[in-house]
Amino acid sequence: MRPARHPLLAAGLATAATVATIGLAPGAAVAAPTSTSTISVDWFGTAEPDAHTATVRGRFDCGAERGLAYIEVHLDQRVRRGSVTGFGFGVIGACTDDRTAGTWTATVRADAGTFRPGPATTTARLVVEPNSLTETTERVRLRPHCPRR
């Protein structure tokens, strides 16, 4: 094994010390972490074939955004030789200092055809007015809707 080169090691340590000193100096610019809005979709949703609807749920976090907020949901499911698509909204009210995160639910009506239990693709958008948009596309498994009695 070759011995370490002392001058090279000393130069590397001196450079690291200089960088650390500059980074820790008073008044040094430090980038503040940005807080962006996020949205996610639960793994499972429900299909109601008789009503031609599906219900999906998820979570949202407004981050630093404040304003009127809502969820747009597009659902696409392959069935036999075609696909069933639909669109729906989830109303969450507003992103305020008191309410920055929570859960959402959206009922999606099929444009044509019927959503069935099985895999589907959900595109969910968190819109915080006037100009914030966060989007995610996730797979979801639709289960049969079981009404409570």
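## Salt bridges

A salt bridge is a side-chain nitrogen of Lys or Arg within 4 Å of a carboxyl oxygen of Asp or Glu, and a search of the whole structure, which is a predicted model, finds three of them. Arginine 125 forms one with glutamate 72, where the closest N and O atoms are 3.6 Å apart. This pair links distant parts of the chain, since arginine 125 is in strand 7 (residues 118–128) and glutamate 72 in strand 4, 53 residues apart; strands are DSSP runs (E, at least two residues), numbered from the N terminus.

At 18% relative accessibility glutamate 72 counts as buried, whereas glutamate 135, at 44%, counts as partly exposed (buried means under 20% relative accessible area, exposed over 50%, partly exposed in between, with a 1.4 Å probe and protein chains only).

## Aromatic rings

The structure holds two aromatic pairs. The ring centres of phenylalanine 87 and phenylalanine 89 are 5.0 Å apart and their planes stand at 85°, so this pair is edge-to-face (rings of Phe, Tyr and Trp, its six-membered ring, pair if their centres lie within 6.5 Å; planes under 30 degrees apart count as stacked, over 60 as edge-to-face and the rest as tilted). Together with Tyr70, Phe87 and Phe89 form one aromatic cluster.

## Basis of the values

Residues are numbered from 1 along each chain as its sequence is written, and side-chain values use heavy atoms, leaving out hydrogens and water. Local features need pLDDT of at least 70 and side-chain atom pairs count only at pLDDT 80 or more, while totals for chains, interfaces and linings use all residues.

Notes:
Helices (H or I, at least four residues) and strands (E, at least two) are DSSP runs, numbered from the N terminus.
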